[in-house]
Amino acid sequence: MTSIRAGLPRYEDAVSRFRIEDEIARLDGDPATGINAYVECCGRHTGQDRLALRAISAGGELRLFSFDDLADMSGRVANMLKGLGVGPGDVVAGMLPRIPELVALILGTWRIGAVYQPLFTAFGPKAIEHRLGYSGARLVVTNPANRGKLDEIEDSPPIATILGPNDALPQGDIDFRAALAAASPDCEPVMRKGEDLFMMMSTSGTTGLPKGVPVPLSALLAFGAYMRDAIGLRPDDVFWNIADPGWAYGLYYAITGPLLLGIATTFNEGAFTAGSTYEIIERLGVTSLAGSPTAFRLLLAEGPEAAAGVKGRLRVVSSAGEPLNPEVIRWFDTHLAAPIHDHYGQTENGMMVNNHHGLAHRVRAGSSGFAMPGYRMVVLDEAGNELGPNQPGVLAVDIANSPLRWFDGYHQVETPAMAGGYYRTGDTVEYEPDGSVSFIGRADDVITSSGYRIGPFDVESALIEHPAVNEAAVVGVPDPRRTEIVKAFVILAPAYQGSPELAEELAQHVRKRLSAHAYPREIDFVAELPKTPSGKIQRFLLRKAEVEKRKL
Ligand SMILES: CC(=O)SCCNC(=O)CCNC(=O)[C@H](O)C(C)(C)COP(=O)(O)OP(=O)(O)OC[C@H]1O[C@@H](n2cnc3c(N)ncnc32)[C@H](O)[C@@H]1OP(=O)(O)O
């Protein structure tokens with residue numbers, strides 16, 4: 001039967017360049033000669049005067065950091081952590097913007113064999129409390145802009161704060177900069193095994209709160225493969241992935257991936273705007289850009305004149321998080337002279353199906369690409385049978401035949417998606433006879449907005465915390481800019497009347513409590529919600545009605 005890699009070079013040819021089996025043997029070997037993520041992403045690239053990070057501050061100042069600089073900074077972080085009693089396997093959380101200290105924190109955490117947990121800076125106390133709760137983090141590192149949110153959570157771990165020149169140290173906090181200045185830069189890395197964790201991510205589901213996604217060190221192989229084969233990263237590239245490292249695509253492929261290959265990455269601390277993006281591409285001479293379709297649609301919305309200055313500069317552009325519209329592909333070709341390729345992945349397992357820049361194959365508009373070498377991807381029907389071309393079903397990883405697969409189930413939560421020898425992604429696709437995948441949609445109620453994955457249950461629970469809300473149902477509705485936006489249907493408590501002011505108040509409540517990116521941009525006040533006889537809200541009916549309404 002045709003498989004989802006028919007269009008790629010033979011698996012053996014594609015992977016021989018980095019000898020997967022040898023690498024896996026190394027990762028599973030003796031802990032004494034095992035693996036350390038700091039060594040892979042920094043230690044082995046030192047002493048060569050190699051650039052590791054171009055960091056543009058919120059004020060526009062560019063600072064350059066070599067791998068030696070990061071080795072020094074991360075050694076100090078590692079010694080600070082050791083001094084606090086943090087050891088191998090312990091979790092250290094970071095809630096920081098895109099600043100150099102973030103990379104030092106991550107590398108320093110890995111250096112002592114500890115596990116890094118990202119907390120997106122837009123999160124409110126509810127989202128933070130849940131994540132710190134299940135990870136059992138031993139320390140959280142943050143800055144004054146985010147520090148206040150930690151006062152609103154119960155049982156916060158100790159806090160280290162990175163102070164600006166005019167900031168006072170909150171009582172009880174560790175002064176991060178002072179601690180680093182006092183610490184030694186020398187720290188012997190703690191070697192681990194491939195199965196040991198080095199990141200604790202989180203992902204949103206339909207029915208419950210976000211779940212922890214443990215990431216073992218063996219995932220480094222898959223991250224490296226994505227950078228080489230899909231992004232097609234070359235030593236002469238100037239690489240910029242604009243995704244925030246508070247999420248998987250940013251942490252895996254804006255920090256870990258390029259550094260793993262010994263190639264510099266780029267941080268822009270400032271908020272995303274089309275103007276600043278063009279300015280940075282020109283200023284740094286960016287040749288390889290990665291981001292989400294929402295960001296690319298915002299570039300397009302600025303018009304061709306804004307793009308003219310950087311036309312022909314970008315060698316390759318990589319897109320992830322949402323399906324890429326053919327219109328964006330055509331526009332990038334015409335106005336930026338840049339090939340933009342759609343890549344598909346998840347927090348669980350990272351990127352898996354790509355239109356690879358680094359492997360020669362045909363790219364069909366509207367396709368998510370081919371299975372990455374190291375993965376056998378299949379399409380399953382509801383009974384778990386593998387389907388052939390042009391038959392819609394759930395995209396899944398064939399576990400036994402995917403040596404780069406690393407996701408083994410959620411943290412302390414049952415993982416039905418792993419049953420029967422497959423990991424089911426929850427995304428509905430079909431594949432063409434040439435083996436390329438066409439994305440159809442989510443098989444469940446998870447919302448994809450601006451490349452973020454948002455769990456409806458999470459938003460509903462934040463809404464019902466408000467005294468005006470008796471019941472809430474949350475769905476994703478189509479949106480030309482953000483793919484989907486969050487829409488809430490709310491049954492009010494008897495004493496309340498629906499009004500635009502109340503809708504705004506509820507939106508702001510979710511923004512502040514849960515996250516600035518996950519709030520409902522539309523709210524309808526309703527008298528009842530569609531339910532099954534057992535009382536379960538039928539979100540699909542609400543979504544279907546919204547889709548129909550928007551077609552009119
Ligand atoms: C395997 C994978 O992981 S795949 C991909 C993972 N997903 C991603 O990487 C996400 C990609 N998306 C993005 O990077 C952004 O959405 C962009 C750059 C495309 C567009 O950014 P923006 O439109 O500026 O805002 P964004 O969508 O991030 O945020 C939504 C809201 O949250 C706010 N927000 C975002 N970050 C923060 C923050 N750190 N603090 C406070 N508010 C914030 C924004 O101001 C915005 O508010 P608004 O609705 O009033 O405008």
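Me: Is Asp173 buried or exposed?

Reply: Good place to start, and keep in mind that this is a predicted model. Relative accessibility under 20% is read as buried. Asp173 comes out at 10%, so Asp173 counts as buried.

Me: Which residue forms a salt bridge with Asp173, and how far apart are the closest N and O atoms?

Reply: The partner is Arg147, with the closest N and O atoms 2.6 Å apart. Asp173 sits in the loop between β6 (159-161) and β7 (174-175), while Arg147 belongs to helix α7 (residues 144-151), so the pair ties together parts that are 26 residues apart in sequence. Arg147 is buried too, at 9% relative accessibility.

Me: Where do Lys549 and Glu546 lie?

Reply: Both are in helix α17 (residues 539-551), 3 residues apart, about one turn of the helix. In the Lys549–Glu546 salt bridge, the closest N and O atoms are 3.3 Å apart. Lys549 is partly exposed at 46% relative accessible area, whereas Glu546 is buried at 4%.

Me: Now the domains: what area do domain 1 and domain 2 bury between them?

Reply: The general idea first: the size of an interface is often given as the accessible area lost when the parts come together. Here, domain 1 (11-366) and domain 2 (447-551) bury about 2,000 Å² between them, 51% of it on carbon and sulfur atoms. On the contact side, 25 residues of domain 1 meet 24 residues of domain 2.

Me: How many salt bridges are counted between domain 1 and domain 2?

Reply: The count is 2.

Conventions:
Residues are numbered from 1 along each chain as its sequence is written. This is a predicted model: local features need pLDDT of at least 70, side-chain atom pairs count only at pLDDT 80 or more; totals for chains, interfaces and linings use all residues. Side-chain values use heavy atoms; hydrogens and water are left out. Domain bounds come from an automatic or database domain assignment. Contact means heavy atoms within 4.5 Å. Buried area is the accessible area (1.4 Å probe) that two parts lose on being put together, summed over both. A salt bridge is a side-chain nitrogen of Lys or Arg within 4 Å of a carboxyl oxygen of Asp or Glu. Helices (H or I, at least four residues) and strands (E, at least two) are DSSP runs, numbered from the N terminus. Buried means under 20% relative accessible area, exposed over 50%, partly exposed in between (1.4 Å probe, protein chains only).
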